[in-house]
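User: I am new to this structure. Please take me through it and say what each label rests on.

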Amino acid sequence: MESVEYKCPNCMADLKFNPASQKLECEFCLSAFTVEEIKKLCESTENSIPQEAVQMQEDFANHTHLYRCKSCGAEIMADDQQTATFCYYCHNPVILAGKMGGEFKPDKVIGFKLTRDNAIWNFKKWISKRWFVPKDFKSEQQLEKLTGLYVPFWVADCDINIDYHATGKKIRSWVSGDYRITETQEYDVVRRGSLTTRGIPADGETKIDDLLMESIEPYDYRELHDFSMSYLSGFYADKYDVDKASVFPRIRVRATQACASLVKDSVNGYSSVTPMVENYDIRRTNWSYMLLPVWFMSYKYKDKVYEFAINGQTGKLAGTPPLSKGRLWLACLGLGAAVAAACALIGGALF
Amino acid sequence: MKRLVSFLMTAILCVCMVPLLTGCSEPENDYAGWNGNYQDSVLIDDRELFTETQKRELDEAIQQKSKELEMNILIYVDGTYRSDADTKTFCDQTYDNWFGNDTDGLMYYLDLSGKTPAYDYISTAGKAILLYEENRELIFNHMDNYLPASGQEIKQEQIYDSVGEFLSQLSVYAKSTTSGTSFYHDKNKGTYIYYKHGELYITHKKPLIIWVRIWVVSIIIGLLTALITFLVSKGKYTFKAKTNPSIYLSKDAVNFTQRNDNHIRTYQSRSRISSSSSGGGHRSGGGGHHSGGSHGGGGHHR
């Protein structure tokens, strides 16, 4: 299968995308190139990518593919999801161009803006507030596992029709003589119209927890670029294995939630509101397929795998911190003992 | 982890040290006991109610009881009007003046001044505090059967019999207890009266049972604090809520074709306000200045 490596036009060393400068840089001669420049220079290479990638039946069965590293000639094995990886032997970044063809070619990409050091700093800051994580969770060895990955996302713009009908009640009461008078005013509340949600993302990969991905949103779509494989250099990248139809229910739920929230905000001033009709119909959806940057890390503790994700653009972090219950119990019992001693001293003084 | 263990060990050490510093050292003891002079135990007839013979008989009975119970007994038949508070002070001071501070004994004050209601009083000291303090009201109630009610005519024979009955009541409740769990706290003097290793103490140091109670409550509070802290902290180690999808709403693309809030109807309901009031009483107690020994005791309106 075809693979692409971006070589420095000056010294032919490998180029890596630097999130800080948003350029492809050569570590040897320190040259730097914008994505546009490299696209022009490597036009022939990118254009050579076949539109319809032909994948062998036996490879599908095994879910693995073999690639040849153009730097050292080693054969690299990758699963059928990976589109960018590293050579195991010379650690050169390798983009598995054949997998980015045809339907798997993303429309857009947001390049990594957060460097590895920034991601580690964010993670350390986040974990510094959690005192009772296992000790080795904060180790350098653990931080080494932080991996930059382009995650395939389906992003949808939805046009939605609103049909909302409810009864609103305004209640006021006052005292007159020996009686409390309660006055109830009933209103017929109607909201009809249309609205649009823009850019609701849903990851198109089964291996990644959907909730984890939703937690590191949002991405700033103003930094979207037309897809170029040069963005992938130096990072891992996957292609989708969940199609549009499969992610649509998730998109629909989130679009409906957004819509219901907007309608609810528009119905105000009532003591209580009882909806009778609440329909939000998605009449049109525009889809984009894009790669979004995520720093990933996983940690295994007591037979449970904890996953963490950092938005590669904004630095927003999400994940479930592992809890060392032993450490927490020790601290709590220490605190309890101190409180008991203080209570005893106060009690001794009072009684 | 090392810091946590150090913190925990220090806290436990503090917990262990506090009772050592506060409760377990030998307390100073003001207890004077009974000097064996049962002849000091007498009846004082301030109202001059009894004849010489009757008084001598009663004195003998009192001294016999004093010898039997190994404590001082003073019975005071008073005809002078005193307020309830003055009665307490008078009884405590009279006892101390007669027998000395912190000795074993009691004084029974019979109010025959004609005050309505009459206010009898029992002032206890030393071991008599632990013997009679809990049963004082029972003794008073029993004596109500023998003494004339307030405002009624006072008969000499009736009072004579009452003194005898009071002495017999002292024997009924004179079951000596040296249990370490019972104690009495004289709030006026700030002293505690309790048995420790079979010996009576009148001291400012708290008995062990108070420390045990304080520690049991403190440990429960400490454990609850630990449990609540554990649960609250554990709650922070969970997955945070996902992003609110409202951020994807395109505000400029919201178009309400119909946005009506039409009034349908108005109706009123009324309910009677139930007014209720409740009253309550309160109990209060107090004490006055005290310079003598530690006393138990209390009065009873007849």
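User: Where is the place of B:Ser246?

Analyst: B:Ser246 is in the loop between helix H7 (208-235) and strand E8 of chain B. Helices (H or I, at least four residues) and strands (E, at least two) are DSSP runs, numbered from the N terminus. This is a predicted model, in which local features need pLDDT of at least 70, side-chain atom pairs count only at pLDDT 80 or more, and totals for chains, interfaces and linings use all residues. Residues are numbered from 1 along each chain as its sequence is written, and chains are lettered from A and ligands numbered from 1 in the order in which they are written.

User: Why is B:Ser246 called partly exposed?

Analyst: A residue is buried if 20 or more other C-beta atoms lie within 10 Å of its own, exposed if 12 or fewer, and partly exposed in between, with C-beta atoms placed from the backbone. B:Ser246 has 15 other C-beta atoms within 10 Å, so it is partly exposed.

User: Which residues does B:Ser246 touch, not counting those up to four places away in sequence?

Analyst: B:Ser246 touches A:Ala258 and A:Ser261. Contact here means that two C-beta atoms, placed from the backbone, lie within 7 Å.

User: How many residues does the contact take from chain A and from chain B?

Analyst: The contact takes 63 residues from chain A and 59 residues from chain B. On the side of chain A that touches chain B, the largest share, 22 residues, comes from E10(A). By class, that side has 32 nonpolar, 17 polar and 14 charged residues. Ala, Val, Leu, Ile, Met, Phe, Trp, Tyr, Cys and Pro count as nonpolar, Asp, Glu, Lys and Arg as charged, and the others, Gly among them, as polar.

User: What makes E10(A) and strand E8 of chain B a pair?

Analyst: Two strands pair if DSSP finds at least two bridges between them. E10(A) and E8 (residues 255-272) of chain B have 16 bridges, in the antiparallel sense, so they meet that cut-off. A:Ile181 stands opposite B:Arg270 in E8(B).

User: Which strands of chain B are joined by five bridges?

Analyst: Strand E6 (residues 191-196) and strand E7 (residues 199-203) of chain B are joined by five bridges and run antiparallel. B:Ile193 has B:Ile202 in E7(B) as its bridge partner. Two residues lie between the strands of this hairpin, where B:His197 takes a positive phi near 50°.

User: What makes a set of residues a nonpolar core, and which members of the largest one touch the most others?

Analyst: A nonpolar core is a set of buried Ala, Val, Leu, Ile, Met, Phe, Trp, Tyr and Cys residues joined through C-beta atoms within 7 Å. The largest has 65 residues, of which A:Cys259, A:Leu292, A:Val294 and A:Ile310 touch the most other members. Strand E9 (residues 147-176) of chain A gives the largest share, twelve residues. Another core of 42 residues lies apart from it, with B:Met71 and B:Ile73 among them.

User: How do you know that helix H8 of chain A has a span close to the expected one?

Analyst: The expected span is 1.5 Å times one less than the number of residues. H8 (residues 325-350) has 26 residues, and the expected value is 38 Å; from first C-alpha to last the helix reaches 36 Å. Its buried residues include A:Leu328 and A:Ala344.

User: What is the mean pLDDT of chain B, and where does pLDDT stay under 50?

Analyst: pLDDT is the predictor's confidence in each residue, from 0 to 100. Chain B has a mean of 83, and 84% of its residues reach 70 or more. Over residues 277-290 of chain B, pLDDT stays under 50. Where pLDDT is low, the predicted coordinates should not be read in detail.
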